[in-house]
Amino acid sequence: MTELRAPGAGLTALPAVADGVRLIDLAWNRLTELPARIGELSALEELRLDGNLLTCLPPLPSSLRALHADGNRLTSLPPCPPSLESLFVYGNALERLPARLGPLRHLAAGGNGLEEVPDEVWRLAGLESLNLAENRLTHVPGAIGGLARLRMLDLGHNAIKVIPAEIGELGLTDYLYLSDNGFTHVPASIGRLSGLAYLNLTDNRLTELPSSIGDMAALKELRLYNNRLTTLPPSIGRLGELRELHLQGNHLTALPPLPASLRVLDLRNNHLARLPETIGGLTRLVHLDLRDNRLRELPGALLALTALEKLDLRWNKLDGDPPELRALESRGCVVLR
């Protein structure tokens, strides 16, 4: 038998295991410990232990390539096997990571309360995904720029006050989460992430964005809510692939021309007293949220939004019954006011 699969089986102990087993899946059981025999399984390549009650692990076999141990109670880890490529230990109680991590391609160590990570993390040249969210990190060194193969990076929900300029040297394509850290500035080098699809800068203290953000040509979703933005750079209109723009909870008083590619535009809880006529250029827009602004009138350009399915105008102070709203409703758009 080369595989042992018993996820969610209510196990409290490791069942009998053949010497030649290559995969063990015991996720979502009630294991509190593993025997030392695990380290003797010289053919074992993948070990899945997510959602158990483990507080520690025995030495692991040198053959191991992937360890999945999210959602346990681990306070420490044994040395990483020299062939380990994937280490998933999200949502434990780790005080530190091993000093030697091996040739990792994927590392997820978020939700542990880590105050620092080994310097080796920033030297893992083959790393493709890195999740250190929900820790207590205060600093990211410029050495992060050496992670040339990184596609996904999550540093959200830490206490990082400065984003190093070297972040622009990464080859990120999938996503970059920097939410809930408290920084006040985004380096202009972020514009060099021209292949990035998703950027989350929410819940920080940004008062402005660099104009280079308009160079992020592949961006499809941009989340900026709960910052202190008063304006947006005109360059944002160059984001020709942007589908969703989330700006809730800022201090915006005006809008520049926005990308015609937008499907979702969230402007809730800002200080907008009027909408520009350029809003009519958003002919692909499906959902427009304008709740809790300072609008008293609406531009006729709203009628150009031929794809609009929902318009939310609650908690504004509109004068009378704008004819634009009746026209939108007559063609099937849901209008909330």
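Me: Which residues touch the most other members of the largest nonpolar core?

Reply: Leu265 and Leu311, in a core of 100 residues. Keep in mind that this is a predicted model. Leucine 265 touches, among others, Leu245, Leu247, Ile279 and Leu288, leaving aside residues up to four places away in sequence. As a general point, nonpolar side chains tend to be buried together in soluble globular proteins.

Me: What makes leucine 104 buried or exposed?

Reply: Its relative accessible area is 1%, and buried means under 20%, so leucine 104 is buried. Leucine 104 sits in the loop between β5 (86–88) and β6 (106–108). Its contacts beyond four places in sequence include Leu84, Leu87, Leu124 and Leu127. Serine 129 is 25 residues away from leucine 104 in sequence and 9.4 Å away in space, C-alpha to C-alpha.

Me: Now the rings. Why is the pair of tyrosine 175 and tyrosine 177 called edge-to-face?

Reply: The structure holds 2 aromatic pairs, and in this one the ring centres are 5.0 Å apart with the planes at 75°. Pairing needs centres within 6.5 Å, and planes over 60 degrees apart count as edge-to-face. The 75° angle passes that cut-off, so the pair is edge-to-face.

Me: And what makes the pair of tyrosine 177 and tyrosine 198 tilted?

Reply: Here the centres are 5.1 Å apart and the planes are at 35°. Tyrosine 177 is in strand β9 (residues 175–177) and tyrosine 198 in strand β10 (residues 198–200), so the pair ties together parts 21 residues apart in sequence. Ring pairs link Tyr175, Tyr177 and Tyr198 into a cluster.

Me: Which of these tyrosines count as partly exposed, and which as buried?

Reply: Tyrosine 175 has a relative accessible area of 23% and tyrosine 177 has 25%. Both values fall between the 20% and 50% cut-offs, so these two are partly exposed. Tyrosine 198 is at 15%, which is under 20%, so tyrosine 198 counts as buried.

Me: What makes arginine 314 a charge over a ring?

Reply: Its charged end sits over the ring of tryptophan 315, 5.3 Å from the ring centre.

Me: Why is the contact between aspartate 19 and arginine 37 called a salt bridge?

Reply: The N to O distance is 2.9 Å, and the rule asks for within 4 Å, so the pair is a salt bridge. By this rule the count comes to 20 salt bridges. Aspartate 19 lies in the loop between β1 (3–5) and β2 (23–25), and arginine 37 in the loop between β2 and β3 (46–48), so the pair ties together parts 18 residues apart in sequence. Aspartate 19 is exposed at 55%, while arginine 37 is partly exposed at 29%.

Me: What makes glutamate 45 and arginine 22 a salt bridge?

Reply: Their distance is 3.3 Å, N to O, and the cut-off is within 4 Å, so the pair counts. The two are 23 residues apart, with glutamate 45 in the loop between β2 and β3 and arginine 22 in the loop between β1 and β2.

Me: Which residues are linked in a network of salt bridges?

Reply: Arg65, Glu85, Arg105, Glu128, Arg151 and Asp174. One of the bridges joins arginine 65 to glutamate 85, with the closest N and O atoms 3.2 Å apart. Arginine 65 lies in the loop between β3 and β4 (66–68) and glutamate 85 in the loop between β4 and β5, so the pair ties together parts 20 residues apart in sequence.

Terms used. Residues numbered from 1 in each chain as written. Predicted model: local features only at pLDDT ≥ 70, side-chain atom pairs only at ≥ 80, totals over all residues. Heavy atoms only, no water. Phe/Tyr/Trp six-rings, centres within 6.5 Å; stacked < 30°, edge-to-face > 60°. Buried < 20%, exposed > 50% of the residue type's maximum accessible area, 1.4 Å probe, protein only. Helix = DSSP H or I, 4+ residues; strand = E, 2+ residues; numbered from the N terminus. Lys NZ or Arg CZ within 6 Å of the ring centre and 35° of its normal. Contact = heavy atoms within 4.5 Å. Core = buried A, V, L, I, M, F, W, Y, C linked by side-chain atoms within 4.5 Å. Salt bridge = Lys/Arg side-chain N within 4 Å of Asp/Glu carboxyl O.
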